[in-house]
Amino acid sequence: MRFLLYAALVSLCIVIRTSQAEELRCLGSDGGTPFINVSESVSTKQQVLHTRGQVKEFILHEDLNQIVYRNQVNQVHILNLSDSSDRFINYSNAKLSKITEKKLGRVLTSESTYYLDTAKDSFWRFFAGPHAVKEHLFTQKENIYSLEHYWQEAGNLLTNGKHHFSFLTLESENSYRRYCVAPGNIGVNLKWAKGNLYPYVYFTAVKPGLVVEDRVMVYRMAVDKIGGGRPCPIEEVTYYPYSKVGEVKSFYHFNVDGVDAFAFHLTDPKRNLFWDKPGECAYYNFKGKTPIFISPNHPVFATWKNGEGLGIHNLGDKTEMTLFKQLKQPSVGSESIWLSDNGKTIYSALITPNGNGEGRLIVSTKIKD
């Protein structure tokens, strides 16, 4: 009886959340909600961090007060933020993953199952063999969860084929492959979220409508419940009428103040980003610039455009600030920017005016109240 009551409550919650999406009403003009630039009223303190060589990408281990970086000759170093000491640990020809842990100092390569345990030794280890992965999802205690690959069976005019998912996990130094199968009616054009938090991985899919219009669905899957070939533990979280959202370029999951929120990078040239947090709903105009995801815990995106600098856009209070307006960069992506847990320090890897373009310097920017 308790189980039936619980199931009924869960179903009711999904119906309520879905109903809100059906009646989607968003703030802002047809051009999207603008940001208020507060650069002139914000005080900052900047410092160049002294690294051994210039940086390709870096990882912030905030709880350990250290930065792990890969320099232009593929050396991996640890920079201690307390005393600026620097220690070489190994080499890597592969890009470093942004997936981190709170207490452990492990480092992953972005597209393979090798990892370095910086707290113990300097040896690269691998789990499940030296296989390529589509994306590392998150770490939990001493476990690593990665999406290996997925595919969809051929369907017909009325149904889409089943989805097959394969995950790699490292648990207690033993690696496992976990498979599951999902029905074809979850939709097509899957987009995996940035900002997943254990045990759930979030994704979107477009579900074609036979009678009603197409929908952009949001799902989550509990990776700790995935077994060997059993049905995928997928839950529908919410959906949006396709006419309100359109094509999704990227999808982001946030946990802000303990509440799940979603952001969608859209193809609309004037309403580039759609933000949905319970009690909030807005489209934003990034004026043709690409939103750069920098934190799962703060509703903040970065942007870059030569001549306009590094923009830090806060969806919470609809403000933006600009840094490094005079610098020119070939590109700036998520691997170049980190935001501290308290939202008060921004770490940026930037090419200096005298740089050769192969590496960058890390600059910390502390935002003063």
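V211 sits in the loop between β15 and β16 of this predicted model, and, at 84% relative accessibility, V211 counts as exposed because that value is over the 50% cut-off. Together with L210 and V212, V211 forms a nonpolar patch on the surface, the three residues having about 370 Å² of accessible area together. In soluble globular proteins, nonpolar side chains tend to be buried together.

The surroundings of F203 can be listed in detail: leaving aside its neighbours within four places in sequence, F203 is in contact with I186, L190, K191, W192, A193, M217, V218, Y219, M221, I234 and F251.

Strand β5 (residues 75-80) and strand β6 (residues 86-91) pair in the antiparallel sense over 5 bridges, and the bridge partner of V76 in β6 is N90. These two strands form a hairpin with 5 residues between them. S84, in the loop between β5 and β6, has a positive phi of about 65 degrees although S84 is not a glycine, and its relative accessible area of 47% makes S84 partly exposed.

Further backbone features deserve a check by eye. K318, in the loop between β25 (309-314) and β26 (319-323), has a phi near 60 degrees, again a positive value in a residue other than glycine, and K318 is partly exposed, with a relative accessible area of 27%. The peptide bond from Y198 to P199 is cis, with omega near 5 degrees, and P199 is placed in the loop between β14 and β15. Most residues other than glycine have a negative phi, and most peptide bonds are trans.

Turning to charged side chains, the count comes to 12 salt bridges, and the table gives some of them.

| Salt bridge | N to O distance |
|---|---|
| R125 and D121 | 2.7 Å |
| E148 and R177 | 3.1 Å |
| K194 and E135 | 3.3 Å |

What does the pair of K194 and E135 tie together? K194 lies in the loop between β14 and β15 and E135 in strand β10, so the pair ties together parts that are 59 residues apart in sequence. K194 is partly exposed at 40% relative accessibility, whereas E135 is buried, with a relative accessible area of 18%.

E148 is buried, with a relative accessible area of 10%, while R177 counts as partly exposed at 32% relative accessibility.

For the pair of R125 and D121, R125 is partly exposed at 32% relative accessibility, and D121 is partly exposed as well, with a relative accessible area of 21%. Elsewhere, K289, K305 and E308 are linked in a network of salt bridges. Side chains of opposite charge can pair when their charged atoms come close.

Technical notes:
Residues numbered from 1 in each chain as written. Predicted model: local features only at pLDDT ≥ 70, side-chain atom pairs only at ≥ 80, totals over all residues. Heavy atoms only, no water. Contact = heavy atoms within 4.5 Å. Salt bridge = Lys/Arg side-chain N within 4 Å of Asp/Glu carboxyl O. Buried < 20%, exposed > 50% of the residue type's maximum accessible area, 1.4 Å probe, protein only. Helix = DSSP H or I, 4+ residues; strand = E, 2+ residues; numbered from the N terminus. Patch = residues over 30% accessible without salt bridge, like charges linked within 9 Å, V, L, I, M, F, W, Y side chains within 5 Å. Areas by Shrake-Rupley, 256 points an atom, 1.4 Å probe, with all protein chains shown as cover. Pairing = 2+ DSSP bridges.
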